[in-house]
Amino acid sequence: MDDEQREQLETDGFVVLRGLLSEEQRTRLVERVETLWAEEGEQAGGENYIENGARRLANLVNKGGEFRLIIAHPEVLEVVRAVIGPFVRLSMLN
């Protein structure tokens, strides 16, 4: 993280990681989310919980490499470790 990103994380509680994914990666990710949403239909998010009016998908790490790419990205891990600490374990990605 650069100083501006660190400041945003401290001030706002989140940081925007612009340019993290290539346009091709972003497009594949969006397409995969839309495909899963269509396939799962009314049961989307059921592995965790279904919330009326929310487009929720659950357990995404097990539903495509596109999602693993994000959670293992060094910049993402740097931000997560800055918030949580060095010992990180992902329970579920929704």
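Biologist: How many helices and how many strands does the protein chain have?

Modeller: This is a predicted model, and in it the protein chain has four helices and zero strands. Read along the sequence, the pattern is therefore written α-α-α-α. The C-alpha trace spans about 45 × 30 × 25 Å along its principal axes, and of the 94 residues in the chain, buried ones make up 24%.

Biologist: What share of the contacts between residues at least 6 apart in sequence joins residues at least 24 apart?

Modeller: In this chain the share is 50%.

Biologist: Which residues of α2 are buried, and which are exposed?

Modeller: The general idea is that an α-helix has 3.6 residues a turn, so residues three or four places apart point the same way. In α2 the buried residues are Leu29, Leu36 and Glu40. Viewed down the axis of α2, these buried residues fall within an arc of 30°, so they line one face of the helix. Glu23, Glu24 and Ala38 are exposed on the other side of α2.

Biologist: Against which element do the buried residues of α2 pack?

Modeller: They pack against α3, which covers residues 65-71.

Biologist: Glu40 carries an acidic side chain, so to speak of the residue itself: is Glu40 buried or exposed, and what does its side chain contact?

Modeller: With a cut-off of under 20% for buried residues, Glu40 counts as buried because its relative accessible area is 19%. A polar contact of 2.6 Å joins its side chain to that of Lys63. Leaving aside neighbours within four places in sequence, Glu40 is in contact with Gly45, Glu47, Leu57 and Lys63.

Biologist: How accessible is Arg28, and with which side chain does it make a polar contact?

Modeller: Arg28, which lies in helix α2, has 36% relative accessibility and so counts as partly exposed. Its side chain makes a polar contact of 2.8 Å with the side chain of Glu24.

Biologist: Which phi value does Asn59 have, and where is Asn59 placed?

Modeller: Phi of Asn59 is near 60°, a positive value in a residue other than glycine, and Asn59 sits in the loop between α2 and α3. Asn59 is partly exposed, at a relative accessible area of 24%. Asn62 is placed in the loop between α2 and α3 as well, and its side chain makes a polar contact of 3.0 Å with the side chain of Asn59. Asn62 itself is exposed, with a relative accessible area of 59%. From Asn62 to Glu4 there are 58 residues in sequence and 33 Å in space, C-alpha to C-alpha.

Biologist: What is found at the start of helix α1?

Modeller: Helix α1 covers residues 3-12, and at its start a side-chain oxygen of Asp2 reaches to within 3.1 Å of the backbone nitrogen of Glu4. Just after α1, Gly13 takes a positive phi of about 85°.

Biologist: Lastly, how much space lies in the largest pocket, and which residues line it?

Modeller: Rolling a probe the size of a water molecule over the atoms shows where empty space is left. Here the largest pocket holds about 250 Å³ of space. Its lining includes Phe67, Ile70, Ile71, Val76, Leu77 and Val80, together with Arg89 and Met92. Helices α3 and α4, the latter covering residues 74-84, each supply at least two residues of this lining.

Methods: Residues are numbered from 1 along each chain as its sequence is written. This is a predicted model: local features need pLDDT of at least 70, side-chain atom pairs count only at pLDDT 80 or more; totals for chains, interfaces and linings use all residues. Side-chain values use heavy atoms; hydrogens and water are left out. Buried means under 20% relative accessible area, exposed over 50%, partly exposed in between (1.4 Å probe, protein chains only). The arc is that of the directions from the helix axis to the C-beta atoms. Contact means heavy atoms within 4.5 Å. On a 1 Å grid over the protein atoms alone, a cavity is a set of points where a 1.4 Å probe fits but cannot get out, and a pocket is an open set with protein on both sides within 12 Å along at least five of seven lines; lining residues have an atom within 4 Å of a point. Grid points are joined across faces, edges and corners, and a volume is the space filled by probe spheres set on the points. A polar contact is a pair of N or O atoms within 3.5 Å; within protein, one must be able to donate a hydrogen and the other to accept it, and residues adjacent in sequence count only if both atoms are side-chain atoms.
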